Amino acid sequence: MAPSVGVIMGSSSDWETMQHCSRTLEMLMVPHETQVVSAHRTPGLLFEYASGAEARGLRVIIAGAGGAAHLPGMAAAMTLLPVIGVPVRSKALSGMDSLLSIAQMPAGVPVGTMAIGRAGAVNAALLAAAILAPQHPEIREALAEYRRRQTQAVLDNPVPGDPL
């Protein structure tokens, strides 16, 4: 099956965070591709990737970036597909710079912004699956099963010392 989600990141070091996105998509059986696409170092590749994404069959782009974090916004500017931004923790400001860069897109070019780091990468995959679920019953069922397991895990592990 052709990829329906593109997972891109600004550098190979971002894989430490974005691997959690890819693993979650795999668990949900969402076909996806991963690639390093730098907004600053490979702007031509970014233009080619984002502007041609829909024609290649992608339906959602997840873009992880640290520091100035231009990748999600630039990708969103080049496609009508939904773009989900994942702020990658940076050395200088622990990812706050990335979060603000992604979240503060000007009106007219939306980017869905997740939490910083691993939680954001996992949630980006879950959101992409939810976007695809209405047209893909197998993804919908995998997402529903994920939620059932998550609920059961909480029920199976009550708070220590709880009188119940």
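Let's start with Arg-41: setting aside neighbours within four places in sequence, Arg-41 is in contact with Gly-10 and Ser-11, where contact means heavy atoms within 4.5 Å. Its side chain also reaches the backbone oxygen of Gly-10 at 3.0 Å.

A quick word on the ground rules. This is a predicted model, so local features need pLDDT of at least 70 and side-chain atom pairs count only at pLDDT 80 or more, while totals for chains, interfaces and linings use all residues. Residues are numbered from 1 along each chain as its sequence is written, and side-chain values use heavy atoms, with hydrogens and water left out.

Back to Arg-41. You'll find Arg-41 in the loop between β2 and α2; helices (H or I, at least four residues) and strands (E, at least two) are DSSP runs, numbered from the N terminus. Is Arg-41 buried or exposed? Arg-41 counts as exposed, because its relative accessibility is 59%. For the cut-offs, buried means under 20% relative accessible area, exposed over 50%, and partly exposed in between, with a 1.4 Å probe and protein chains only.

Now, the record. An unreviewed UniProt entry puts the feature "binding site" at Ser-11, Asp-14 and Arg-41. UniProt positions are given in the numbering used here, feature names are shortened, and annotations may be inferred rather than shown by experiment.

Asp-14, from that list in the UniProt record, sits in the loop between β1 and α1 (15–27). Asp-14 is buried, at 7% relative accessible area. Not counting residues up to four places away in sequence, Asp-14 touches Met-9, Gly-64, Ala-65, Gly-66 and Val-88.

Next, helix α2, which spans residues 43–52. Which of its residues are buried? They are Leu-46, Tyr-49, Ala-50 and Gly-52. The cover over these buried residues includes strands β1 (5–9), β2 (32–36) and β3 (60–65), along with helix α3 (71–77).

On to charges. How many salt bridges does a search of the whole structure find? The search finds four, a salt bridge being a side-chain nitrogen of Lys or Arg within 4 Å of a carboxyl oxygen of Asp or Glu.

One of them joins the side chains of Arg-56 and Glu-33, at 3.2 Å from N to O. That pair links distant parts of the chain, with Arg-56 in the loop between α2 and β3 and Glu-33 in strand β2, 23 residues apart. Arg-56 is partly exposed at 39% relative accessibility, and Glu-33 is partly exposed at 22%.

Then there's Arg-148 with Glu-141, where the closest N and O atoms of the salt bridge are 2.5 Å apart. Glu-145 and Arg-149 also meet through their side chains, at 3.9 Å from N to O. Both Glu-145 and Arg-149 lie in helix α6 (residues 137–156), four residues apart, about one turn of the helix. Salt bridges that share partners join Glu-141, Glu-145, Arg-148 and Arg-149 into one network. As a reminder, an α-helix has 3.6 residues a turn, so residues three or four places apart point the same way.

Last stop: Val-30, in the loop between α1 and β2. Apart from neighbours within four places in sequence, Val-30 is in contact with Ser-4, Val-5, Leu-25, Ala-129, Leu-132 and Ile-139. And if you like a distance to check, Val-30 and Asn-123 are 93 residues apart in sequence and 14 Å apart in space, C-alpha to C-alpha.

Key. Polar contact = N/O pair within 3.5 Å; in protein donor to acceptor, adjacent residues only side chain to side chain.
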